[in-house]
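This report describes the structure shown below. The account begins with the whole chain and then turns to its individual parts.

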Amino acid sequence: MTDIIQHAAETFMDVVPAIPSNADDDFATYEEYVPGCYAFMGSQGQSNLHHPDMIANPDGLQYAAKYHEQTALALLNALNHHESFERD
């Protein structure tokens, strides 16, 4: 799943390895039941995520919207071709 999403994102934006992080939420709990991957969108903001001072750069929002659209289409295409997202 991560490879499909990364390839789809690389067609229109730079993808860089993320710095390892706990990401401050319970996403890993969801992944115990459903395969998934985590992506960070940079907006060159000055505050941490989930901080009241966090302001997203509006110019970056176009990439976040396109990321969600293109990766959803790529995953649907993979499912239509009967690719499996099972863990090894």
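## Overall surface and content

The protein exposes about 7400 Å², and carbon and sulfur atoms supply 52% of this area. The model under discussion is predicted. Its secondary structure comes to 3 helices and 0 strands, and from the N terminus on, the elements run α-α-α.

Of the 88 residues in the protein, 17% are buried. Among contacts between residues at least 6 apart in sequence, 61% join residues at least 24 apart.

## Helix α1 and its two faces

Helix α1 covers residues 2-10. Its buried residues are Ile-4, Ile-5, Ala-8 and Ala-9. Viewed down the axis of α1, these buried residues fall within an arc of 125°, and therefore they line one face of the helix.

The face of α1 turned away from the buried side carries Asp-3 and His-7, which are exposed. What covers the buried residues of α1 includes α3.

## Helix α3

Helix α3 spans residues 58-80. It has 23 residues and reaches 34 Å from its first C-alpha to its last, close to the 33 Å expected at 1.5 Å a residue. Just after α3, His-82 takes a positive phi of about 60°.

Which residues of α3 are buried? They are Ala-64, Tyr-67, Thr-71, Ala-74, Leu-75 and Ala-78. The buried residues of α3 pack against α1, and α3 in turn is included in what covers the buried residues of α1.

Thr-71 lies in helix α3. Is this residue buried or exposed? Thr-71 is buried, because its relative accessible area is 7% and the cut-off for a buried residue is under 20%. Leaving aside neighbours within four places in sequence, Thr-71 is in contact with Ile-5 and Ala-8.

Ala-78, placed in helix α3, is buried, with a relative accessible area of 3%. Ala-64, also in helix α3, is buried at a relative accessible area of 15%. Leu-75 has its place in helix α3 and counts as buried at 18% relative accessibility.

How far apart in space are Ala-78 and Met-1? Their C-alpha atoms are 9.1 Å apart, although the two residues are 77 apart in sequence. Leu-75 and Thr-2 are 73 residues apart in sequence, and the distance from C-alpha to C-alpha is 9.9 Å. Ala-64 and Phe-40 are 24 residues apart in sequence and 9.4 Å apart in space, again from C-alpha to C-alpha.

## A nonpolar patch on the surface

Some nonpolar side chains are found on the surface. Leu-73, Leu-76 and Leu-79 form a nonpolar patch there, with about 280 Å² of accessible area together. Leu-76 has its place in helix α3.

Key. Residues are numbered from 1 along each chain as its sequence is written. This is a predicted model: local features need pLDDT of at least 70, side-chain atom pairs count only at pLDDT 80 or more; totals for chains, interfaces and linings use all residues. Side-chain values use heavy atoms; hydrogens and water are left out. Helices (H or I, at least four residues) and strands (E, at least two) are DSSP runs, numbered from the N terminus. Buried means under 20% relative accessible area, exposed over 50%, partly exposed in between (1.4 Å probe, protein chains only). Contact means heavy atoms within 4.5 Å. Accessible areas come from the Shrake-Rupley method with a 1.4 Å probe; for residues, only the protein chains shown count as cover. Patches are made of residues with over 30% relative accessible area and no salt bridge: like charges are joined within 9 Å, nonpolar side chains (Val, Leu, Ile, Met, Phe, Trp, Tyr) within 5 Å. A salt bridge is a side-chain nitrogen of Lys or Arg within 4 Å of a carboxyl oxygen of Asp or Glu. The expected span of a helix is 1.5 Å times one less than its number of residues. The arc is that of the directions from the helix axis to the C-beta atoms.
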